[in-house]
Amino acid sequence: MPEDDRTRAVRRPEDRRPWPGRSDQPPRAAGAPAYPLPPAPTGPADDAPRARSRVYGKPREGRSPVKPLEAPRQKEPRQKEPRGPRVRRRIRASTILKILAGLLVGLLVAGIGLFFWVDSRIRGIPGVLDDYEGRPADTPGTTWLLVGSDSREGLTRAQQRKLATGRAVGKRTDSMMLLHIPDGGGRPTLVSLPRDSAVTVPGMGRNKLNAAYAQGGGKLLARTVEGVTGLRIDNYMEIGFAGFVGIVDAIGGVEINVAENINDPKAGLKLKKGKQVLSGAEALGYVRTRYNGALPDFERTKRQRQFLAAVVRKAASPGVLLNPFTSIPLAMSATDSVEVDSGTGAFDLLSLGLAMGDSPVTTVVPFGGTESVAGGEGIKWDRAKALRLFEALKEDQPVPKDVLSGG
(Lines give C-alpha, C1' and ligand atoms only; values in the text may rest on other atoms or scores of the structure.)
Protein backbone atom coordinates (compact mmCIF):
# COMPACT_ATOMS: atom_id res chain seq x y z
CA MET A 1 0.00 0.00 0.00
CA PRO A 2 1.47 3.42 -0.84
CA GLU A 3 2.31 5.72 2.00
CA ASP A 4 -0.33 8.28 1.16
CA ASP A 5 -3.00 5.59 1.26
CA ARG A 6 -1.80 4.32 4.63
CA THR A 7 -1.76 7.82 6.00
CA ARG A 8 -5.28 8.46 4.63
CA ALA A 9 -6.57 5.25 6.18
CA VAL A 10 -5.36 5.82 9.72
CA ARG A 11 -5.73 9.31 11.20
CA ARG A 12 -6.28 10.36 14.80
CA PRO A 13 -9.42 12.37 15.61
CA GLU A 14 -7.42 15.21 17.17
CA ASP A 15 -5.33 15.56 13.99
CA ARG A 16 -6.70 18.69 12.27
CA ARG A 17 -4.38 18.62 9.33
CA PRO A 18 -6.04 18.50 5.94
CA TRP A 19 -6.24 15.25 4.20
CA PRO A 20 -3.84 14.87 1.37
CA GLY A 21 -5.70 15.15 -1.79
CA ARG A 22 -5.54 13.08 -4.89
CA SER A 23 -3.70 14.04 -7.90
CA ASP A 24 -6.90 14.78 -9.80
CA GLN A 25 -8.66 16.81 -6.98
CA PRO A 26 -7.89 20.03 -5.13
CA PRO A 27 -6.89 19.82 -1.46
CA ARG A 28 -9.79 19.52 1.04
CA ALA A 29 -10.28 21.32 4.34
CA ALA A 30 -10.29 19.45 7.62
CA GLY A 31 -13.65 17.96 8.39
CA ALA A 32 -14.67 17.75 4.71
CA PRO A 33 -16.00 14.42 3.47
CA ALA A 34 -13.44 12.06 1.97
CA TYR A 35 -15.51 11.64 -1.13
CA PRO A 36 -17.81 14.05 -2.86
CA LEU A 37 -21.56 13.86 -1.87
CA PRO A 38 -24.05 12.86 -4.51
CA PRO A 39 -25.76 15.73 -6.27
CA ALA A 40 -28.92 17.13 -4.61
CA PRO A 41 -32.22 16.12 -6.21
CA THR A 42 -33.68 18.58 -8.66
CA GLY A 43 -37.39 17.68 -8.11
CA PRO A 44 -39.98 19.48 -5.94
CA ALA A 45 -39.16 19.89 -2.30
CA ASP A 46 -42.21 17.84 -1.20
CA ASP A 47 -40.83 14.77 -2.97
CA ALA A 48 -37.61 14.81 -0.94
CA PRO A 49 -37.50 12.18 1.74
CA ARG A 50 -38.02 13.58 5.24
CA ALA A 51 -35.75 12.73 8.09
CA ARG A 52 -37.20 10.45 10.66
CA SER A 53 -36.42 10.39 14.35
CA ARG A 54 -37.94 9.00 17.48
CA VAL A 55 -39.61 11.11 20.12
CA TYR A 56 -39.99 9.35 23.46
CA GLY A 57 -40.07 5.94 21.87
CA LYS A 58 -42.48 6.83 19.04
CA PRO A 59 -41.50 7.54 15.42
CA ARG A 60 -41.70 11.19 14.45
CA GLU A 61 -42.11 12.73 11.06
CA GLY A 62 -41.33 16.20 9.88
CA ARG A 63 -38.41 18.57 9.77
CA SER A 64 -39.34 20.96 12.59
CA PRO A 65 -37.27 20.69 15.73
CA VAL A 66 -38.70 18.96 18.76
CA LYS A 67 -39.95 21.46 21.29
CA PRO A 68 -39.05 20.67 24.88
CA LEU A 69 -41.95 19.88 27.23
CA GLU A 70 -43.05 22.67 29.45
CA ALA A 71 -44.71 22.42 32.82
CA PRO A 72 -48.46 23.24 32.63
CA ARG A 73 -49.23 26.76 33.62
CA GLN A 74 -51.46 27.17 36.63
CA LYS A 75 -54.49 29.33 35.93
CA GLU A 76 -54.93 32.18 38.25
CA PRO A 77 -58.23 32.00 40.15
CA ARG A 78 -60.81 34.29 38.66
CA GLN A 79 -61.86 36.88 41.12
CA LYS A 80 -65.57 37.54 41.30
CA GLU A 81 -66.75 41.03 41.70
CA PRO A 82 -68.20 41.43 45.16
CA ARG A 83 -71.93 42.10 45.31
CA GLY A 84 -73.15 44.40 47.92
CA PRO A 85 -76.04 43.46 50.22
CA ARG A 86 -78.18 46.18 48.69
CA VAL A 87 -78.16 44.45 45.27
CA ARG A 88 -79.24 41.11 46.79
CA ARG A 89 -82.02 42.73 48.78
CA ARG A 90 -83.28 44.53 45.69
CA ILE A 91 -83.44 41.30 43.67
CA ARG A 92 -85.10 39.40 46.50
CA ALA A 93 -87.70 42.14 47.03
CA SER A 94 -88.60 42.22 43.33
CA THR A 95 -89.02 38.45 43.27
CA ILE A 96 -91.30 38.53 46.31
CA LEU A 97 -93.38 41.30 44.75
CA LYS A 98 -93.82 39.27 41.58
CA ILE A 99 -94.93 36.22 43.57
CA LEU A 100 -97.38 38.28 45.61
CA ALA A 101 -98.75 39.92 42.48
CA GLY A 102 -99.26 36.50 40.90
CA LEU A 103 -101.05 35.22 43.98
CA LEU A 104 -103.31 38.27 44.10
CA VAL A 105 -104.20 37.92 40.44
CA GLY A 106 -104.92 34.22 40.97
CA LEU A 107 -107.14 34.93 43.96
CA LEU A 108 -108.98 37.65 42.06
CA VAL A 109 -109.63 35.39 39.08
CA ALA A 110 -110.71 32.55 41.37
CA GLY A 111 -113.00 34.88 43.32
CA ILE A 112 -114.67 36.20 40.17
CA GLY A 113 -115.09 32.68 38.84
CA LEU A 114 -116.59 31.51 42.14
CA PHE A 115 -118.94 34.49 42.18
CA PHE A 116 -120.39 33.74 38.74
CA TRP A 117 -120.52 30.01 39.52
CA VAL A 118 -122.57 30.71 42.66
CA ASP A 119 -124.82 33.11 40.75
CA SER A 120 -125.56 30.42 38.15
CA ARG A 121 -126.58 27.91 40.86
CA ILE A 122 -129.01 30.15 42.75
CA ARG A 123 -132.59 28.88 42.62
CA GLY A 124 -135.29 31.49 42.19
CA ILE A 125 -138.96 31.34 43.19
CA PRO A 126 -140.99 32.83 40.34
CA GLY A 127 -143.59 35.45 41.20
CA VAL A 128 -142.91 35.61 44.94
CA LEU A 129 -142.54 39.41 44.87
CA ASP A 130 -144.86 40.23 41.98
CA ASP A 131 -146.71 43.55 42.08
CA TYR A 132 -150.35 43.62 43.15
CA GLU A 133 -153.00 46.27 43.64
CA GLY A 134 -152.41 48.32 46.78
CA ARG A 135 -148.79 47.22 47.25
CA PRO A 136 -146.72 49.68 49.38
CA ALA A 137 -144.57 52.13 47.44
CA ASP A 138 -140.83 51.69 47.34
CA THR A 139 -139.22 52.66 50.65
CA PRO A 140 -135.61 53.81 51.33
CA GLY A 141 -133.01 51.22 52.15
CA THR A 142 -133.19 47.49 51.39
CA THR A 143 -135.60 45.20 53.21
CA TRP A 144 -135.25 41.41 53.25
CA LEU A 145 -137.83 38.84 54.34
CA LEU A 146 -135.93 35.83 55.70
CA VAL A 147 -137.88 32.62 56.18
CA GLY A 148 -136.79 29.37 57.77
CA SER A 149 -139.19 26.58 56.86
CA ASP A 150 -139.64 23.20 58.51
CA SER A 151 -139.44 21.42 55.16
CA ARG A 152 -137.90 17.93 55.44
CA GLU A 153 -137.02 17.91 51.77
CA GLY A 154 -133.56 16.42 51.22
CA LEU A 155 -133.53 14.54 54.55
CA THR A 156 -133.60 10.74 54.71
CA ARG A 157 -135.68 8.90 57.31
CA ALA A 158 -132.50 8.24 59.31
CA GLN A 159 -131.60 11.93 59.24
CA GLN A 160 -135.10 12.91 60.33
CA ARG A 161 -134.82 10.59 63.33
CA LYS A 162 -131.35 11.89 64.19
CA LEU A 163 -132.42 15.53 63.95
CA ALA A 164 -135.76 14.89 65.71
CA THR A 165 -137.64 16.78 63.00
CA GLY A 166 -140.68 14.50 62.90
CA ARG A 167 -142.43 13.47 59.70
CA ALA A 168 -144.78 16.37 59.03
CA VAL A 169 -146.02 16.54 55.45
CA GLY A 170 -145.55 19.78 53.51
CA LYS A 171 -143.81 22.79 55.01
CA ARG A 172 -144.56 25.60 57.37
CA THR A 173 -142.56 28.60 58.52
CA ASP A 174 -140.37 27.86 61.50
CA SER A 175 -138.96 31.40 61.74
CA MET A 176 -139.58 34.73 60.02
CA MET A 177 -137.44 37.86 60.21
CA LEU A 178 -137.20 41.25 58.54
CA LEU A 179 -133.72 42.63 57.86
CA HIS A 180 -133.58 46.32 56.99
CA ILE A 181 -130.30 47.69 55.56
CA PRO A 182 -130.27 51.53 55.54
CA ASP A 183 -128.97 53.47 52.57
CA GLY A 184 -126.87 55.81 54.69
CA GLY A 185 -124.55 53.10 55.94
CA GLY A 186 -125.95 52.85 59.47
CA ARG A 187 -126.40 49.63 61.41
CA PRO A 188 -128.94 47.19 59.96
CA THR A 189 -131.99 46.17 61.97
CA LEU A 190 -133.14 42.56 62.35
CA VAL A 191 -136.75 42.12 63.48
CA SER A 192 -138.30 38.78 64.43
CA LEU A 193 -141.91 38.14 63.43
CA PRO A 194 -143.41 35.46 65.72
CA ARG A 195 -145.02 32.81 63.55
CA ASP A 196 -148.12 32.76 65.78
CA SER A 197 -148.68 36.52 65.37
CA ALA A 198 -152.34 37.43 64.88
CA VAL A 199 -152.52 39.29 61.54
CA THR A 200 -154.86 39.90 58.65
CA VAL A 201 -154.10 37.47 55.81
CA PRO A 202 -155.44 38.51 52.36
CA GLY A 203 -158.37 36.24 51.51
CA MET A 204 -158.30 34.53 54.93
CA GLY A 205 -159.17 37.29 57.42
CA ARG A 206 -157.61 37.24 60.90
CA ASN A 207 -155.29 34.29 61.27
CA LYS A 208 -151.80 33.33 62.39
CA LEU A 209 -148.93 34.61 60.29
CA ASN A 210 -147.79 31.04 59.75
CA ALA A 211 -151.07 30.25 58.00
CA ALA A 212 -150.24 32.66 55.17
CA TYR A 213 -147.18 30.59 54.26
CA ALA A 214 -148.93 27.27 54.76
CA GLN A 215 -151.78 28.30 52.43
CA GLY A 216 -150.06 30.44 49.81
CA GLY A 217 -146.29 29.90 50.18
CA GLY A 218 -143.79 32.72 50.02
CA LYS A 219 -145.93 34.87 47.73
CA LEU A 220 -148.87 35.12 50.16
CA LEU A 221 -146.53 35.46 53.12
CA ALA A 222 -144.66 38.39 51.54
CA ARG A 223 -147.93 40.11 50.67
CA THR A 224 -149.22 39.62 54.23
CA VAL A 225 -146.03 41.05 55.80
CA GLU A 226 -146.10 44.07 53.46
CA GLY A 227 -149.74 44.69 54.41
CA VAL A 228 -149.22 44.64 58.21
CA THR A 229 -145.90 46.52 58.26
CA GLY A 230 -146.26 49.02 55.41
CA LEU A 231 -142.75 48.08 54.24
CA ARG A 232 -141.99 47.04 50.67
CA ILE A 233 -140.04 43.77 50.53
CA ASP A 234 -137.06 44.08 48.19
CA ASN A 235 -135.59 40.57 48.56
CA TYR A 236 -136.93 37.23 49.74
CA MET A 237 -134.99 34.18 50.94
CA GLU A 238 -136.02 30.91 52.55
CA ILE A 239 -134.15 27.80 53.71
CA GLY A 240 -135.23 24.36 54.93
CA PHE A 241 -133.92 22.06 57.65
CA ALA A 242 -131.48 20.20 55.40
CA GLY A 243 -129.86 23.37 54.11
CA PHE A 244 -129.73 24.79 57.60
CA VAL A 245 -127.67 21.86 58.87
CA GLY A 246 -125.48 21.76 55.75
CA ILE A 247 -124.50 25.43 55.96
CA VAL A 248 -123.47 25.19 59.62
CA ASP A 249 -121.41 22.06 59.02
CA ALA A 250 -119.78 23.61 55.93
CA ILE A 251 -118.32 26.46 57.99
CA GLY A 252 -117.14 24.11 60.74
CA GLY A 253 -119.86 24.89 63.26
CA VAL A 254 -120.85 28.16 64.89
CA GLU A 255 -120.02 29.54 68.33
CA ILE A 256 -123.04 30.31 70.50
CA ASN A 257 -123.21 31.57 74.07
CA VAL A 258 -125.93 29.37 75.58
CA ALA A 259 -127.70 31.33 78.31
CA GLU A 260 -128.70 28.30 80.43
CA ASN A 261 -128.70 24.52 80.39
CA ILE A 262 -131.05 23.01 77.80
CA ASN A 263 -132.42 19.46 77.77
CA ASP A 264 -135.16 19.06 75.16
CA PRO A 265 -135.71 15.48 73.90
CA LYS A 266 -138.33 16.73 71.40
CA ALA A 267 -135.70 18.85 69.67
CA GLY A 268 -132.97 16.23 70.19
CA LEU A 269 -130.94 18.77 72.18
CA LYS A 270 -128.88 18.66 75.36
CA LEU A 271 -126.57 21.62 75.96
CA LYS A 272 -124.74 23.12 78.91
CA LYS A 273 -124.59 26.80 79.75
CA GLY A 274 -121.73 28.85 78.27
CA LYS A 275 -119.92 29.48 75.00
CA GLN A 276 -119.56 26.48 72.73
CA VAL A 277 -119.33 25.54 69.07
CA LEU A 278 -122.54 23.92 67.82
CA SER A 279 -122.69 21.48 64.95
CA GLY A 280 -125.42 21.66 62.34
CA ALA A 281 -127.70 19.23 64.20
CA GLU A 282 -127.18 21.01 67.52
CA ALA A 283 -127.79 24.43 65.96
CA LEU A 284 -131.04 23.22 64.41
CA GLY A 285 -132.26 21.97 67.80
CA TYR A 286 -131.13 25.21 69.44
CA VAL A 287 -133.27 27.47 67.24
CA ARG A 288 -136.29 25.12 67.33
CA THR A 289 -136.54 24.33 71.03
CA ARG A 290 -139.31 25.86 73.15
CA TYR A 291 -138.07 24.30 76.34
CA ASN A 292 -136.82 27.40 78.21
CA GLY A 293 -138.28 30.73 79.20
CA ALA A 294 -141.53 32.07 80.59
CA LEU A 295 -142.55 32.99 77.03
CA PRO A 296 -141.19 30.10 74.94
CA ASP A 297 -141.95 31.64 71.54
CA PHE A 298 -140.32 34.94 72.54
CA GLU A 299 -137.19 33.18 73.78
CA ARG A 300 -137.16 31.14 70.59
CA THR A 301 -137.08 34.25 68.39
CA LYS A 302 -134.16 35.59 70.43
CA ARG A 303 -132.18 32.39 69.83
CA GLN A 304 -133.01 32.52 66.12
CA ARG A 305 -131.69 36.08 65.78
CA GLN A 306 -128.62 35.20 67.83
CA PHE A 307 -127.89 32.18 65.69
CA LEU A 308 -128.51 33.86 62.32
CA ALA A 309 -126.19 36.74 63.16
CA ALA A 310 -123.46 34.32 64.31
CA VAL A 311 -123.65 31.98 61.32
CA VAL A 312 -123.73 34.73 58.69
CA ARG A 313 -120.91 36.61 60.41
CA LYS A 314 -118.71 33.51 60.36
CA ALA A 315 -119.67 32.61 56.78
CA ALA A 316 -118.66 36.10 55.63
CA SER A 317 -115.33 36.07 57.51
CA PRO A 318 -112.05 36.02 55.49
CA GLY A 319 -111.04 32.74 57.14
CA VAL A 320 -114.04 31.03 55.49
CA LEU A 321 -114.34 32.94 52.21
CA LEU A 322 -110.61 32.76 51.33
CA ASN A 323 -110.29 29.09 52.22
CA PRO A 324 -111.44 26.92 49.28
CA PHE A 325 -111.96 23.95 51.61
CA THR A 326 -114.73 25.89 53.40
CA SER A 327 -115.95 28.45 50.85
CA ILE A 328 -116.71 25.91 48.10
CA PRO A 329 -118.68 23.47 50.35
CA LEU A 330 -120.49 26.49 51.82
CA ALA A 331 -121.42 27.78 48.36
CA MET A 332 -122.61 24.35 47.26
CA SER A 333 -124.68 23.78 50.40
CA ALA A 334 -126.20 27.26 50.32
CA THR A 335 -127.16 27.16 46.64
CA ASP A 336 -128.60 23.66 47.00
CA SER A 337 -130.87 24.60 49.90
CA VAL A 338 -131.56 28.34 49.66
CA GLU A 339 -134.36 29.73 47.48
CA VAL A 340 -134.77 33.41 46.66
CA ASP A 341 -137.00 35.61 44.56
CA SER A 342 -136.14 35.71 40.87
CA GLY A 343 -134.63 39.20 41.15
CA THR A 344 -132.05 38.25 43.81
CA GLY A 345 -128.55 37.27 42.73
CA ALA A 346 -125.13 36.54 44.19
CA PHE A 347 -124.34 40.24 44.67
CA ASP A 348 -127.49 40.67 46.79
CA LEU A 349 -126.55 37.66 48.91
CA LEU A 350 -123.09 39.12 49.42
CA SER A 351 -124.69 42.38 50.56
CA LEU A 352 -126.86 40.39 52.97
CA GLY A 353 -123.81 38.64 54.43
CA LEU A 354 -121.94 41.92 54.92
CA ALA A 355 -124.95 43.49 56.62
CA MET A 356 -125.34 40.55 59.00
CA GLY A 357 -121.65 40.77 59.82
CA ASP A 358 -122.08 44.45 60.77
CA SER A 359 -123.61 43.67 64.21
CA PRO A 360 -127.23 44.52 63.39
CA VAL A 361 -129.65 45.85 65.96
CA THR A 362 -131.91 42.92 66.88
CA THR A 363 -135.44 43.05 68.24
CA VAL A 364 -138.87 41.46 68.03
CA VAL A 365 -142.17 43.05 67.10
CA PRO A 366 -143.61 44.57 70.33
CA PHE A 367 -146.55 42.46 71.50
CA GLY A 368 -148.78 41.99 74.53
CA GLY A 369 -151.50 39.47 75.22
CA THR A 370 -153.26 37.09 72.87
CA GLU A 371 -156.09 37.19 70.36
CA SER A 372 -158.49 34.52 69.18
CA VAL A 373 -158.13 33.96 65.43
CA ALA A 374 -159.16 31.27 62.95
CA GLY A 375 -156.07 29.23 63.75
CA GLY A 376 -156.54 29.42 67.54
CA GLU A 377 -154.83 31.74 70.02
CA GLY A 378 -152.53 34.22 68.29
CA ILE A 379 -150.00 36.67 69.69
CA LYS A 380 -151.40 40.20 69.69
CA TRP A 381 -149.03 42.97 68.66
CA ASP A 382 -148.71 46.21 70.62
CA ARG A 383 -150.15 48.35 67.86
CA ALA A 384 -148.73 51.71 68.95
CA LYS A 385 -145.18 50.46 69.47
CA ALA A 386 -145.28 48.28 66.37
CA LEU A 387 -146.31 51.26 64.25
CA ARG A 388 -143.39 53.33 65.61
CA LEU A 389 -141.00 50.48 64.82
CA PHE A 390 -142.13 50.08 61.23
CA GLU A 391 -142.42 53.82 60.62
CA ALA A 392 -138.76 54.24 61.59
CA LEU A 393 -137.75 51.53 59.13
CA LYS A 394 -139.90 53.06 56.37
CA GLU A 395 -138.13 56.39 56.84
CA ASP A 396 -134.69 54.67 57.00
CA GLN A 397 -134.19 55.91 60.57
CA PRO A 398 -132.89 54.16 63.72
CA VAL A 399 -135.56 52.36 65.70
CA PRO A 400 -136.52 54.14 68.97
CA LYS A 401 -134.86 52.48 71.93
CA ASP A 402 -138.07 52.23 73.92
CA VAL A 403 -139.59 49.84 71.38
CA LEU A 404 -136.59 47.53 71.01
CA SER A 405 -137.15 44.01 72.36
CA GLY A 406 -140.71 44.97 73.24
CA GLY A 407 -143.12 42.48 74.78
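# Pockets, pairs and buried spots

Visitor: By class, how many nonpolar, polar and charged residues are in the lining of the largest pocket?

Guide: A pocket here is an open set of points on a 1 Å grid over the protein atoms alone, with a 1.4 Å probe fitting at each point and protein on both sides within 12 Å along at least five of seven lines; lining residues have an atom within 4 Å of a point. For the classes, Ala, Val, Leu, Ile, Met, Phe, Trp, Tyr, Cys and Pro count as nonpolar, Asp, Glu, Lys and Arg as charged, and the others, Gly among them, as polar. Sorted that way, the lining of the largest pocket has 36 nonpolar, 10 polar and 3 charged residues.

Visitor: What should I know about the model, and how many helices and strands does the protein chain have?

Guide: It's a predicted model, so local features need pLDDT of at least 70 and side-chain atom pairs count only at pLDDT 80 or more, while totals for chains, interfaces and linings use all residues. Residues are numbered from 1 along each chain as its sequence is written, and side-chain values use heavy atoms, with hydrogens and water left out. Helices (H or I, at least four residues) and strands (E, at least two) are DSSP runs, numbered from the N terminus. On that basis, the protein chain has 11 helices and 17 strands.

Visitor: What is the volume of the largest pocket, and which helix gives the most to its lining?

Guide: Volume means the space filled by probe spheres set on the grid points, which are joined across faces, edges and corners. For the largest pocket that comes to about 1400 Å³. Of its 49 lining residues, the closest to the centre are Ala315, Leu321, Leu330, Ala334 and Leu349. With 7 residues, the top contributor to this lining is helix 10 (residues 346-356).

Visitor: And the second largest pocket: which helix gives the most to its lining?

Guide: The second largest pocket has a volume of about 360 Å³. Among its 16 lining residues, Arg206, Val228, Trp381, Arg383 and Leu387 are the closest to its centre. By class, this lining has 7 nonpolar, 3 polar and 6 charged residues. The most, 6 residues, come from helix 11.

Visitor: How much of the protein chain is buried?

Guide: Buried means under 20% relative accessible area, exposed over 50%, and partly exposed in between (1.4 Å probe, protein chains only). Of the 407 residues in the protein chain, the buried ones make up 38%.

Visitor: How many residues of helix 6 are buried?

Guide: Helix 6 (residues 280-288) is mostly covered. The buried ones are Gly280, Ala283, Leu284, Gly285, Tyr286, Val287 and Arg288.

Visitor: Which residues join Asp131 in a salt bridge network?

Guide: Side chains of opposite charge can pair when their charged atoms come close; a salt bridge puts a side-chain nitrogen of Lys or Arg within 4 Å of a carboxyl oxygen of Asp or Glu. Aspartate 131, exposed at 59% relative accessibility, pairs with arginine 135 at 2.6 Å between the closest N and O atoms, and with arginine 232 at 3.0 Å. Glutamate 371 and arginine 206 also form a salt bridge, at 2.9 Å. Through shared partners, Asp131 is in one network with Arg135, Glu226 and Arg232.

Visitor: What does serine 327 touch, leaving out residues up to four places away in sequence?

Guide: Serine 327 lies in helix 9 (residues 324-337). It's buried, with a relative accessible area of 7%. Taking contact as heavy atoms within 4.5 Å, serine 327 touches Leu114, Val320 and Leu321.

Visitor: What is the phi of aspartate 396 near?

Guide: Aspartate 396 sits in the segment after helix 11. This residue is buried, at 17% relative accessible area. Its phi is positive in a residue other than glycine, near 60°.
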